[in-house]
Amino acid sequence: MNAAPKPRVYSAVQPTGNLHLGNYLGAIKNWVDLQDGYDCLYNVADLHAITEQQDPAALRAHTRSVAACLLGAGIDPERSILFVQSHVSGHAELAWIFNCVARLGWLNRMTQFKDKAGKHRENASAGLYVYPNLMAADILLYKASHVPVGEDQRQHLELCRDIAQSFNSQYGTQTFPLVEPLILGVAARVMSLRDGSRKMSKSEPSDASRINLTDTAEQIQTKIRKARTDPDPLPGAPGGLDARPEARNLVGIYAALGNKTPAAVCAKFDGAQFSTFKEALADLTVAALAPITREMDRLLRDPGHIDTVLAAGAERARDLAAPVLAEVKHTVGFLPG
Ligand code: TRP
């Protein structure tokens with residue numbers, strides 16, 4: 001008896017810097033778990049990265065280091081397809097077709113473009129503007145049905161659905177599925193260690209604001225010790241974290257890393273000073289990240305091996321993409337080449 005095919009997952013991360021604890025708890029840890037129930041494609045989105053200016057040497061280094069990090073965290077390149085976006089030309093080809101499906105009015109509503117372009121809209125790249133079309137192409141090139149993303153990508157996923165629907169209706173086909181966002185459990189939204197109202201981010205200038213997956217145990221300990229808090233001790237219940245964003249963030253990190261609820265963490269540290277709690281949090285963080293960092297370091301000492309793994313992933317991705325791209329090109333009216 002054939003097992004039913006597993007639903008297909010697609011997700012990606014941009015190689016614009018080193019990955020940090022926010023990426024790990026918010027995305028990658030979930031990606032690892034999804035491998036059990038889904039047929040997964042995980043991608044290092046270098047085409048997306050160049051929508052903003054990147055240093056070529058840094059882009060190359062970050063692409064390998066993000067791949068090493070995913071492998072170190074437990075993405076299994078046998079079970080899942082791990083690859084680099086620019087290695088599969090179908091992403092760019094389908095994105096062009098979607099540039100001709102998506103309407104300017106839809107793109108003008110994208111809040112991430114407005115945030116990223118800021119006051120210098122005239123100077124933003126055309127690529128940054130059509131970024132969501134490329135993201136739709138990523139997903140639909142494999143007819144993926146499920147996409148784990150954070151809240152900040154939800155609007156882009158809506159656009160992906162609009163593009164799929166519009167393509168299907170324009171050509172009178174059922175080519176593309178409607179993609180479902182996968183909102184995963186209580187995915188920890190990890191905030192900056194310096195400002196509890198901002199997301200932990202690789203683009204934040206202060207390195208003390210984040211824990212990089214490349215940080216040493218000493219760096220992790222120092223950053224957690226110096227993390228901003230308020231003068232009050234820990235509350236016995238999560239309600240006592242209201243209006244205390246920095247305290248809430250540290251409790252959230254402890255809970256996510258220790259696979260506990262914030263309530264259980266508060267109960268355990270009820271009335272403790274933050275100095276005590278931070279020591280425990282630093283120990284837990286170091287213990288959780290050390291195996292990943294160790295494996296990442298080992299992999300990065302042999303970049304040729306990483307490149308081989310990524311090349312094999314790209315080959316498998318191309319095989320899945322080829323029939324979809326052929327179908328789309330035929331539907332659109334391109335002659336076979
Ligand atoms: N835009 C996503 C981010 O910055 C990365 C990404 C690119 C992505 N293509 C994707 C995520 C396709 C999900 C599906 O986080």
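I began at Gln 14: an N or O atom in its side chain is 3.0 Å from an oxygen atom of the ligand. I counted a polar contact as a pair of N or O atoms within 3.5 Å. The model is predicted, so I kept its limits at hand: local features need pLDDT of at least 70, side-chain atom pairs count only at pLDDT 80 or more, and totals for chains, interfaces and linings use all residues. Residues are numbered from 1 along each chain as its sequence is written, and side-chain values use heavy atoms, with hydrogens and water left out.

I found a nitrogen atom of the ligand 2.6 Å from a side-chain N or O atom of Asp 138. For Tyr 131, a ligand nitrogen and a side-chain N or O atom are 2.7 Å apart. Taken alone, the ligand exposes 370 Å², and the protein buries 89% of that (Shrake-Rupley areas, 1.4 Å probe).

Last, the rings. I counted twelve aromatic pairs (ring centres within 6.5 Å; planes under 30 degrees apart are stacked, over 60 edge-to-face, the rest tilted). Phe 83 and Tyr 142 pair edge-to-face, 6.0 Å centre to centre with 75° between the planes. They sit 59 residues apart, Phe 83 in strand E3 (residues 81-84) and Tyr 142 in the loop between H7 and strand E4 (146-148).

Technical notes
A polar contact is a pair of N or O atoms within 3.5 Å; within protein, one must be able to donate a hydrogen and the other to accept it, and residues adjacent in sequence count only if both atoms are side-chain atoms. Helices (H or I, at least four residues) and strands (E, at least two) are DSSP runs, numbered from the N terminus.
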